[in-house]
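This report describes the fold of one protein chain, from its overall form to a few individual residues. Please keep the sequence and the model in view while reading.

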Amino acid sequence: MSVIKRRNRFDGGEVLISRFTISEALRQRARSMIPGGAHTYAKGDDQYPMLSPGFIARGSGCHVWDVDGNRFTEYGMGLRAVSLGHAFPAVVSAVVRQIQHGSNFTRPSELEALCAENLLRVAPDADMVKFTKDGSSATTAAVRLARAYTGRNMIALCSDHPFFSHDDWAICTTPMTAGIPERTAHLTLTFRYNDLAGAEALFSSHPGQIAALLLEPAKEVEPAAGYLIGLRDLCHRNGALLILDEMITGFRWPQTSAQRYYGVAADLSTFGKALGNGFAISALVGKREIMQLGGFDHDRERVFLLSSTHGAETHALAAALAVMDIYGREPVIATLERQGRRLQAGAASVVAHYGLQSQFKLLGRPSNLVFSCCDRDGVPSQIFRTLFMQELIRRGVLAPSFVVSYSHSDDDIDRTIDAIDSALRIYYRALNEGPEAYLIGRPVQPAFRKHGDVTRATV
Ligand SMILES: Cc1ncc(COP(=O)(O)O)c(C=O)c1O
């Protein structure tokens, strides 16, 4: 195979980023103190090439600077938590203003009610809301509530969606089951996305036992016509609840929530991530009849529903209010979609140029793009994923995905397309000559795996 080189702005002398000295030293210290070297698995060393920024010092808009002073255009944006951009001025001002008035009192702040009102507009079929700090707690609360409301113990998760919570009921479906009692794992079932018949069969094989079905409304694959409403109706016919996890789709899909966009009212749903633009806030919302079991205005047995010391920190609520205000006034989601489409179109032309349509793919909605890397035979390859990320990093693009923010400008996207061009040129050569000549160090590993030795030798 041979292709003529495309012209891009790296032509005529690329300055490649290669100095990670401080990151390297800090990495050793962090791994000796922190299991896995990071407090979030998806940010860990095993998820990134050897030649990569180990630690970020600061961010502004869509750019971040690592501890060695290297500057990157970032994608993924804090695991999709930062949809507006890092240190987004209107959010930072709201947070700073609030922090000066105190962040935690012995009674609730009025922001709790204000923020609830605003969030219920995003999920108009819901009547009540409880805030907490992270998405896992919100989905765990949804599961407990569904179990209490229905009087059933089993829960069914969509197996095509990788992560709902760090709690046992969800992690038991991954390979990392150590520490999870078997009897807990037996209570979690799985079903496939867009497969109504499969879900129906699950209800038939577990009659009267399933409390709820839980899934993301969409991921890389869109819901088939009638699927979500069909699933909700199926749940109701079988006495179960439908829980939609909008941690990613919320504030990223058109109309600010997938339930609004697809026109399906869930019984319970959860939001987080972009709701606080990087500040820790998430929420469980749902129908009054179910949610109120967590309160005291009813005669049924009460459910312990999301109560924690830091659950409603005022500055996180202030951040969420600022985020919702910005989404109400500015074309945030339209911009995410436009910039994603620009990137998609540019990448598609590069991929076509190198003839890599079977090796490199961008998947998902433009506001939420991920990439898949395959080897010569079209088989998904961690080696080629690592090589692609490595070559982007050398050209100043830090991209575990191509999830854009409101701060990605046309110029940022165009520079990224040029970096994709250069990275795919190397990818193309590596397909022909073997990746060993190009990849520095070991490949990345799946975050959910039973054993971790693979990267130990590289520290
Ligand atoms: C769809 C989905 N649900 C729930 C969670 C858990 O959220 P958190 O990491 O804030 O606990 C995540 C996190 O990545 C997620 O992607």
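The model is predicted, so local features need pLDDT of at least 70 and side-chain atom pairs count only at pLDDT 80 or more, whereas totals for chains, interfaces and linings use all residues. Residues are numbered from 1 along each chain as its sequence is written, and side-chain values use heavy atoms, with hydrogens and water left out.

**The chain as a whole**

The secondary structure comprises 15 helices and 13 strands; helices (H or I, at least four residues) and strands (E, at least two) are DSSP runs numbered from the N terminus. A compact globule of 459 residues would have a radius of gyration near 23 Å, and the chain agrees with this at 23 Å. That radius is taken over C-alpha atoms, and the globule rule is 2.2 Å times the number of residues to the power 0.38. Further values for the chain are tabulated here.

| Property | Value |
|---|---|
| Box filled by C-alpha atoms, along the principal axes | roughly 75 × 55 × 45 Å |
| Residues counted as buried (under 20% relative accessible area, 1.4 Å probe, protein chains only) | 54% of 459 residues |
| Contacts (heavy atoms within 4.5 Å) between residues at least 6 apart in sequence that join residues at least 24 apart | 75% |

**Nonpolar cores**

A nonpolar core is a set of buried Ala, Val, Leu, Ile, Met, Phe, Trp, Tyr and Cys residues joined through side-chain atoms within 4.5 Å. The largest one has 78 residues, and Leu119, Phe251, Phe388, Phe402 and Leu424 have the most contacts inside it. Helix α15 (residues 410-433) gives the most to this core, with eleven residues. Apart from it lies another core of 50 residues, including Leu157, Trp169, Leu215 and Leu231.

**Helix α4 and Leu119**

Leu119 is one of the buried residues of helix α4 (residues 110-122), together with Leu111, Cys115, Ala116, Asn118, Leu120 and Val122. Among the elements covering these buried residues are α3 (89-99), β4 (128-132), β10 (282-286) and α12 (314-329). Leaving aside neighbours within four places in sequence, Leu119 is in contact with Val129, Phe131, Phe251, Leu275, Ala283, Val285 and Met324.

**Alanine 265**

Is alanine 265 buried or exposed? Its relative accessibility is 17%, and therefore alanine 265 counts as buried. Alanine 265 is placed in the loop between α10 and β9. Not counting residues up to four places away in sequence, alanine 265 touches Asp125 and Arg232.
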